[in-house]
Amino acid sequence: METLIVYFETITSRDRALIISGGITLFWLIENSFPFFKFKNNKWHHARINIFFTLTTIVINFILAFILLQAAEFVLQNNFGILQWLPKMNIYIYTLIGLLLLDLIGAYLPHYIEHKVKFLWRFHLVHHTDTWIDTTSANRHHPGESIFRFLFTTLGVLLVGAPIWMVFMYQSFSVVFSQFNHANICLPKKLDAILSYFIVSPDMHKIHHHYKLPYTDSNYGNIFSVWDRLFGTFFYLEREKIIYGVDTHMLAVENNRLLNLLKIPFQKSRSPQQE
C-alpha cells in the first residue's frame, strides 16, 4: 500500500494521461471484438466528438489542478475533514472510507443535482444525448459541466479531508471505472448482477442512459453502487430493452454535431416524457 501511496502522491501528468488513454484503448479493443450493441454508425466520427470533450475536460482539470493541491494541503495543515477527525486505523480501511466519501460528494451528489436543477441539466444533457454509448462516452461532458464537477471534487476533498495521494488515486480509478461501465460490452448477466452490489457495472450504468424517465434519473453512481442502493435511486431494466439517448434530442443533427452539442445548454429547454 505504501508503494501505491507514494506513486499517487507523486504521479506525473504523463502517467495520468496514460491512464486515460490506456483505459480508452483497452475497452475500445474489447468492445470492438465483443460488442453488446452492433451500432450502424461512423465509430470514428462518434469518437472524435467524445474525445474533443475528453480533451476539454482534461484541460479544465489541468488548469484548475492547483486548487485541488491547495485544498489537500489545507485539510492536512488544519486537521480538517472527516478522515482527519477519525481515529488511526488500518490504512486499507482508511483508504476505502476515503474513496467511498469522495465518490459520494465528488460524483454521486453533483450527478444527482445535475438531474434535478434545470440549469445544470442543460449542461449535463450533452452527456445523455449520446445514442451510441461506448467507452469514449465516459468523458462526454460539456466544458461548463466539467467546471461544475470540478467544484464538487474540491468540496469533496475539503469535507472528506483527503490527502493529495488519495485524490489522485480516486480520480484515476474514477476515469477507468467510467470507461468500463460506459463500454459497449456485455458481461454474463449473473456476473454483472453480482458486481452491481459493489461497483457500478456496465448493465447498471446502461440503464441510466435509457432514453426515457424514470430510468434516466437513476443509477447515478460513479465507482461504488452503494449510494444508489442506500438512497433509493437504484433502478433495474432488462439490458435488451435499453434505448440510448434522451427523448428530447433523438435526431442526429442534435446529438451528433459538435457545434450543436456546445450550444445545447443555451437552447430552449424541452420537457422529457415518462415511459
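Reply: Happy to! The model is a predicted one.

Me: How many helices and how many strands does the protein chain have?
Reply: From the N terminus on, the elements run α-α-α-α-α-α-α-α-α-α-α-α-α. The secondary structure therefore comes to 13 helices and 0 strands.

Me: Why can the protein chain be called as compact as a globular protein of its length?
Reply: For 275 residues the globule rule gives 19 Å. The chain is as compact as a globular protein of that length because its radius of gyration is close to that value, at 18 Å.

Me: What share of the contacts with a separation of 6 or more comes from residues 24 or more positions apart?
Reply: A contact means heavy atoms within 4.5 Å. Among contacts in the protein chain with a separation of 6 or more, residues 24 or more positions apart account for 75%.

Me: How far apart are the centres of the positive and negative side chains?
Reply: The protein chain has 23 positive and 19 negative side chains. The centres of the two sets are separated by 7 Å.

Me: Stacked or tilted: which describes the aromatic pair of F36 and F37?
Reply: A search of the whole structure finds 18 aromatic pairs. F36 and F37 form one of them, at 4.4 Å centre to centre. Planes under 30 degrees apart would count as stacked, but these are 50° apart, so the pair is tilted.

Me: Is F36 buried or exposed?
Reply: Buried means under 20% relative accessible area. F37, at 22%, counts as partly exposed. F36 has 19% relative accessibility, so F36 counts as buried.

Me: Which geometry do F119 and F123 adopt as an aromatic pair?
Reply: F119 and F123 are 4 residues apart in helix α6 (residues 118–128), so about one helical turn separates them. Their rings lie 5.3 Å centre to centre, with 70° between the planes. Over 60 degrees counts as edge-to-face, so the F119 and F123 pair is edge-to-face.

Me: How many residues of α6 are buried?
Reply: The buried residues of α6 include L120, W121 and V126. They pack against several helices, among them α3 (43–77), α5 (91–116) and α8 (164–182). α6 is mostly covered, and its buried count is 8 of 11 residues.

Me: What is the relative accessible area of T135?
Reply: T135 sits in the loop between α6 and α7 (143–160). Leaving aside neighbours within four places in sequence, its contacts include W28, E31 and H182. T135 is buried, with a relative accessible area of 1%.

Me: How far apart are the C-alpha atoms of L261 and L64?
Reply: L261 lies in helix α13 and counts as buried at 0% relative accessibility. Leaving aside neighbours within four places in sequence, L261 is in contact with residues including F53, V126 and R140. L64 is 197 residues from L261 along the chain, and their C-alpha atoms are separated by 24 Å.

How values were computed
Residues are numbered from 1 along each chain as its sequence is written. This is a predicted model: local features need pLDDT of at least 70, side-chain atom pairs count only at pLDDT 80 or more; totals for chains, interfaces and linings use all residues. Side-chain values use heavy atoms; hydrogens and water are left out. Helices (H or I, at least four residues) and strands (E, at least two) are DSSP runs, numbered from the N terminus. The radius of gyration is taken over C-alpha atoms; the globule rule is 2.2 Å times the number of residues to the power 0.38. Lys and Arg count as positive and Asp and Glu as negative; His and the chain ends are not counted. The place of a charge is taken as NZ of Lys, CZ of Arg, CG of Asp or CD of Glu. Rings of Phe, Tyr and Trp (its six-membered ring) pair if their centres lie within 6.5 Å; planes under 30 degrees apart count as stacked, over 60 as edge-to-face and the rest as tilted. Buried means under 20% relative accessible area, exposed over 50%, partly exposed in between (1.4 Å probe, protein chains only).
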